[in-house]
Amino acid sequence: MREDKTLQQSSWANVAAPVGFLDNDFRDPDLDRYLERVDRYHPDVAVVGDATTYDEAERYQQAANNIRDIYSEVEPVIVPKCRDALEAIEQDTVIGWPNGYANIDPLDYSSIRDWRGRRVHILGGSPTDQYDIVQLLTQPTLTNDDPADIIGLDGNGVLKAAYFGEYWTPTGYERADHLSIRDTVRRSLEEMKEFWEGHGIWPDEEPIDRYGPAVKEPDEPIWMDDGGDPLVSRGDLEAAYIGEYEQGTMAFQSEAAKKYIEFHEGWR
């Protein structure tokens with residue numbers, strides 16, 4: 001998610017979506033605001049800022065050091081957008097390769113060798129574009145440059161494409177008029193996973209392994225306030241209002257119905 005948005009955190013009543021990646025609003029950066037969001041969400045990866053000057057990079061580096069001191073599980077990323085900024089960032093700090101919607105090409109202000117031997121996160125773009133960058137920064141060279149350590153990548157293009165009725169494939173976007181927006185995104189993600197696994201690239205630990213399911217499921221899959229009609233989809237669970245009681249975990253169609261049953265059944 002981006003730090004000035006709350007989509008993942010406020011859209012569903014029964015979903016606890018961990019923030020794996022917290023981006024900054026590079027068009028309206030505010031470091032104090034961003035650090036407050038890091039305190040709130042504890043992301044796995046925190047893109048602290050896009051540095052366009054040496055002084056700016058130093059400021060972001062200090063913020064990155066503070067984040068690491070306080071939250072050892074958070075990996076800060078600084079995005080250098082000029083050579084001076086790249087030189088100001090400490091060697092062990094992850095640097096972000098601008099891609100996707102970036103209005104600048106890293107090779108306009110630096111050489112490939114500046115990025116080799118560094119820890120790098122690829123920002124945005126499609127998997128095919130990202131794989132080309134992985135190859136650029138890791139393949140053997142005649143001068144035996146150390147490969148970059150690609151620690152991660154991100155992208156939200158498939159989310160936007162879903163609203164135009166398209167899902168991603170390695171050969172281009174395909175029409176998804178027969179699919180819901182949710183299923184369109186899922187299809188894109190399945191295609192992306194297959195693409196990366198086909199190139200031998202996939203993390204040993206997936207988010208669900210670390211956090212568990214994002215959606216809480218009731219012990220009895222019924223709507224307590226609707227005469228026992230079954231929950232028929234994951235969407236039902238996401239929209240449900242869940243209550244924990246001695247009788248078990250129950251699901252309700254609305255908060256009002258939940259409170260009504262709690263009161264009349266004496267559930268606490």
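**Exercise 1.** Work out whether R187 is buried, partly exposed or exposed, then find its salt-bridge partner.

*Solution.* Start with the accessible area: R187 comes out at a relative value of 30%, so it is partly exposed (buried is under 20% relative accessible area, exposed is over 50%, and partly exposed lies in between, with a 1.4 Å probe and protein chains only). Next, look for the partner: R187 makes a salt bridge with E191, with 3.3 Å between the closest N and O atoms (a salt bridge is a side-chain nitrogen of Lys or Arg within 4 Å of a carboxyl oxygen of Asp or Glu). Now place the two: they sit four residues apart in helix 8 (residues 181-198), so about one helical turn separates them. Last, check E191: its relative accessible area is 15%, so E191 is buried.

A quick word on the model: it is predicted, so local features need pLDDT of at least 70 and side-chain atom pairs pLDDT 80 or more, while totals for chains, interfaces and linings use all residues. Residues are numbered from 1 along each chain as its sequence is written, and side-chain values use heavy atoms, leaving out hydrogens and water.

**Exercise 2.** Find which parts of the chain the salt bridge between K81 and D50 links.

*Solution.* First, the contact: the K81 and D50 side chains meet at 2.9 Å, N to O. Then the places: K81 is in the loop between strand 3 (75-80) and helix 4 (83-88), while D50 is in strand 2 (residues 45-51), 31 residues apart (helices, H or I of at least four residues, and strands, E of at least two, are DSSP runs numbered from the N terminus). Finally, K81 is buried at 15% relative accessibility, and D50 is buried at 16%.
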